[in-house]
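This briefing concerns the pairing of charged side chains in one protein structure. Please keep the sequence and the model in view while reading.

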Amino acid sequence: MSTFDSRRGFVASGLAAAALAGTPAFAQPLIIKPTQELMPRSGKRRVVIAGGGWGGMTAARYVRQTAPDLEVVMLERNPFFWSCPLSNKWLIDVVNTDFLAHSYLPPAKKYGYTFIQTEISDIDRGAKRVHTAQGFLQYDWLIIAGGIRNAFEPWFGNDWKTIEYTKAAFPSAYIPSAEHAVLKRKIQNFKGGTIVMTLPPPPHRCPPSPYERACLMAWWFKTKKIPAKIVILDPKPRIAPITLGYRQAFEELYPNIITHVPNARVKSVDPYKKRISTEAGDFDFDEAIFMPPHQAADLVWKADLIGKTPDGKPTGWAGVDPLIYNAKDDPQVYVIGDSVGAISPQFGHYPKSGHVANWMGKSVARHIADQAAGRTPKHIMIDNLCYMLVNNDPKEAISVQFDYKFGPEGHVVQTQIDDNDRRTKLWEEDLRWISLMFADFAVA
Ligand SMILES: Cc1cc2nc3c(=O)[nH]c(=O)nc-3n(C[C@H](O)[C@H](O)[C@H](O)COP(=O)(O)OP(=O)(O)OC[C@H]3O[C@@H](n4cnc5c(N)ncnc54)[C@H](O)[C@@H]3O)c2cc1C
């Protein structure tokens, strides 16, 4: 018998044996309908975490650690964890992809939670169910950690074609997604011309990071001798935070490349003709990084947890308790991270940072563990720290620190310290900070 014949003989005899044994030759594909239960209960009380970014990953670890009797399931659409912190540096090759991208499986194994890669399609708080593309899950506690959504509606209304075109043609790379790779390619292949960069009106994700991105792009163009101009269209009246440190970096390091335009609230955008109209004037561009207004993640809207203004309009952000981050009408449902709405009449929102999301993840984990054990639930007060690289050679960074305490007025009060003096030591501290963070939720 030839090799081919012997293989056929082997396959045929296998089929015959399977048929004789009454088993199918191939296993049935495991295709679960969205209307079916994805994961039946194990008998333990269950915490579902919707979103596996900075807040979700931290919460998953700390719930398992502080409440080992609870089952934890983390749902995330992306196949791997991608860190937005330090991603500006990755755009110009200061750090590599392995530094930012991490498998979800080792931390899930290490701490004993279940990771499921799936798109969350809906949250039904009445039925205590999270619906996903592969079926639904029941929960006892739910932590929504979905980050932000890009709200293009103020620019384009419900013109979905233009929204999709704009996202694809001029990605902002502010949400973990393939946009980061597209933007990196665009920057590194740019041959010259004008790049406009819109900043969202506050509050938005990581307020100092768009200015950092401008500095690092400018460093790249300056070093490669590419005739580029970067126009920062800022709706605020001045650069903030780290006002002085950034102004000095723009003027001293990149005077012919970066122009900061204050009070430039976007009026209209024509992505096809490459023209933008703002309250500070109209601009034509060759390339753009379009950051539209930011809002709480879609998941918060789906869970019907968006806060209301005194006149009943949606704030765009989760309306949750400012210390515990749970819903007033549904205390076992929490929102953490960037989606959280205003905290205090003194300063409004906490900075929308990975550092803050990490603290919130720990605080909520402790609150759930206390409840589960029948103890008086406690929360943890947060702080915030951000380092921003403004020069790549030599490496020089600036930073901002925020401290919080519960004030005598009955609300959280904030102290802000800008470190405007750019220096290498702050870059070294940044690397230490992120290593500690990654180690904290076990992606490093
Ligand atoms: C360029 C840049 C630089 C930054 N630098 C810093 C820094 O130096 N320091 C710092 O502290 N912070 C920094 N940040 C901010 C930081 O990235 C965010 O504040 C942090 O990621 C917020 O955590 P989160 O858990 O709320 O959201 P994310 O980390 O974005 O996580 C949300 C997760 O939910 C998932 N998700 C959303 N919807 C669904 C759905 N329907 N189904 C399934 N999964 C879903 C998303 O895929 C995502 O993984 C930076 C951000 C950017 C963009």
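This is a predicted model: local features need pLDDT of at least 70, side-chain atom pairs count only at pLDDT 80 or more; totals for chains, interfaces and linings use all residues.

A search of the whole structure returns 24 salt bridges.

- Asp 93 and Lys 184 form a salt bridge through their side chains, with an N to O distance of 2.9 Å.
- This pair joins distant parts of the chain, 91 residues apart: Asp 93 is in the loop between helix H3 (87-91) and helix H4 (97-100), and Lys 184 is in helix H8 (residues 179-189).
- Asp 93 is partly exposed, because its relative accessibility is 44%, whereas Lys 184 is buried at a relative accessible area of 15%.
- A salt bridge also joins the side chains of Glu 287 and Lys 186, at 2.8 Å from N to O.
- Here strand S17 (residues 287-290) supplies Glu 287 and helix H8 supplies Lys 186, linking distant parts of the chain 101 residues apart.
- Glu 287 has 17% relative accessibility and therefore counts as buried; Lys 186, at 22%, counts as partly exposed.

**Contact of strand S22**

- The closest N and O atoms of Arg 125 and Asp 330 are 2.9 Å apart, in a salt bridge.
- Asp 330 belongs to strand S22 (residues 330-335) and Arg 125 to the loop between strand S6 (120-124) and strand S7 (129-132), so the pair ties together parts 205 residues apart in sequence.
- Both Asp 330 and Arg 125 are buried.

**Network**

- Salt bridges link Arg 61, Lys 362 and Asp 440 in a network.

Key
Residues are numbered from 1 along each chain as its sequence is written. Side-chain values use heavy atoms; hydrogens and water are left out. A salt bridge is a side-chain nitrogen of Lys or Arg within 4 Å of a carboxyl oxygen of Asp or Glu. Helices (H or I, at least four residues) and strands (E, at least two) are DSSP runs, numbered from the N terminus. Buried means under 20% relative accessible area, exposed over 50%, partly exposed in between (1.4 Å probe, protein chains only).
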